[in-house]
Amino acid sequence: MDKDNEYSINPSESHTKTTWFERAIFISWYCAKPTCKFCYMYSIKDQIKTPMMARRRLESILAEALITKICGWEIGFVSAGIGSWKTTELKEVLEGIKKITGKKTWLNLGFMPESQLTELAPWIEGVTGTVECPRLDIREDIVPDKPIDKIDEMFGYADKLKLKKSITIIIGLGETIDDFKVLSGMIEKWKIHRINFYRLVPHESTVYTEGPSTEYYLKWINMTRLSFPDLQIIAGSWPDKTSEIEHLLTAGADAITKLPAIKYFGKKPAVEIEEGAKKAGRKFIGTLTKYPKVDAKRLLYDAGFDENIAARILEKYERYRRKLER
Ligand code: SF4
């Protein structure tokens, strides 16, 4: 597949003509501060005590990046729990991803100090502030170790380094629509480039039992779109909610994320995303249903990987590909 393939995205077409799928690449299931009360890492905190217990191998991460490239998905961000990777190791991951995708990567790794951001800047598109809940009194209780002032500090470093900024918001954590003004103030103050909305999906062993209604989730997306016409809005949708894709897009989302796309490739939720895009009058860039015929080995050699690492990536890639084609 060459660089000018039909899957390339023209940002100026985003929320009017095209849409796409974004996959977050998780590189670790360890978190040094597993205290956010809605998070999967919070629910497994007693099982994972050291970073090395829950880290993925480089070749596995790069094989996933290769799948995203081949399917025409974007990498939403590289994500990991706090304190799970050293800067030198992250550099290797980001370098590898850039070789494969040809693009810099968004990061969602919690607070990053200036020295770390400076070192990684050549491979970073932007950094993510995990606001999660715009109702700040509730936030203090459920997100105790990610204070807003640390996000503010990190965004200051991002500005210095000319990196883009993004925030994540989970709808359904106890906020009400009145808290939109808080969110709106954050977007204006930090000059946010993009926002990832998720609807709460309650995990077992957390205090949450119910997620928000579709109408309420759509209202947040729509109010954000109406207030910020140029903001990139990415909306999360789970496999049991993909019938709402058309509405997420017409409410103002640019793209869809969160579906475990390798597991559901070609299955009903994936088909519903492509169909939802069509119903919303958007051209879906890439594919969630038909695996493209590609010489993955050639792609890796062309990207500049040597034989040894290419072979390791390919071995993992083949496992993913078989899952997708099954
Ligand atoms: S810091 Fe991130 S990974 Fe850790 S518990 Fe909170 S949301 Fe989960």
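**Exercise 1.** At what angle do helix 13 and helix 14 pack, and how far apart are their axes?

*Solution.* The model is predicted: local features need pLDDT of at least 70, side-chain atom pairs count only at pLDDT 80 or more, and totals for chains, interfaces and linings use all residues. Residues are numbered from 1 along each chain as its sequence is written.

Step 1. Identify the elements: helix 13 covers residues 296–303 and helix 14 covers residues 307–325. Helices (H or I, at least four residues) and strands (E, at least two) are DSSP runs, numbered from the N terminus.

Step 2. Read the geometry: the packing angle is about 145°, and the axes are 10 Å apart. Axes are lines fitted to C-alpha atoms, for helices over the stretch in contact, and angles run from 0 to 180 degrees between N-to-C directions.

Step 3. List the contacts (C-beta atoms, placed from the backbone, within 7 Å). A296, K297, L300 and Y301 in helix 13 meet A310, I313, L314 and Y317 in helix 14. By class, these residues comprise 7 nonpolar, no polar and 1 charged. Here Ala, Val, Leu, Ile, Met, Phe, Trp, Tyr, Cys and Pro count as nonpolar, Asp, Glu, Lys and Arg as charged, and the others, Gly among them, as polar.

**Exercise 2.** Describe how helix 3 packs against helix 4 and helix 14.

*Solution.* Step 1. The axes of helix 3 and helix 4 (residues 87–101) come within 9 Å and cross at roughly 25°. Helix 3 is therefore roughly parallel to helix 4. Angles under 35 degrees count as roughly parallel, over 145 as roughly antiparallel, 65 to 115 as roughly perpendicular and the rest as oblique.

Step 2. On the side of helix 3, L58, I61, L62, A65, L66 and K69 take part; they meet E92, V93, G96, I97, I100 and T101 in helix 4. This contact has 8 nonpolar, 2 polar and 2 charged residues.

Step 3. With helix 14, helix 3 packs at about 60°, the axes being 8 Å apart. Helix 3 is therefore oblique to helix 14. Among the residues in this contact are E59 and S60 of helix 3 and R312 and K316 of helix 14. The contact divides into 7 nonpolar, 1 polar and 4 charged residues.

**Exercise 3.** In what order do the strands close into a barrel?

*Solution.* Step 1. The 8 strands follow the order 2-3-4-5-6-7-8-9, with parallel pairing. Two strands pair if DSSP finds at least two bridges between them.

Step 2. As an example, strand 4 (residues 105–108) and strand 5 (residues 124–132) pair over 3 bridges. W106 stands opposite G126 in strand 5.

**Exercise 4.** Which residues surround the ligand?

*Solution.* Step 1. The surrounding residues are C31, K33, P34, T35, C36, C39, M41, Y42, G81, I82, G110 and K146. A residue is near a molecule or strand if its C-beta atom, placed from the backbone, lies within 6 Å of it.

Step 2. Sorted by class, the shell holds 7 nonpolar, 3 polar and 2 charged residues.

Key: Two residues are in contact if their C-beta atoms, placed from the backbone, lie within 7 Å.
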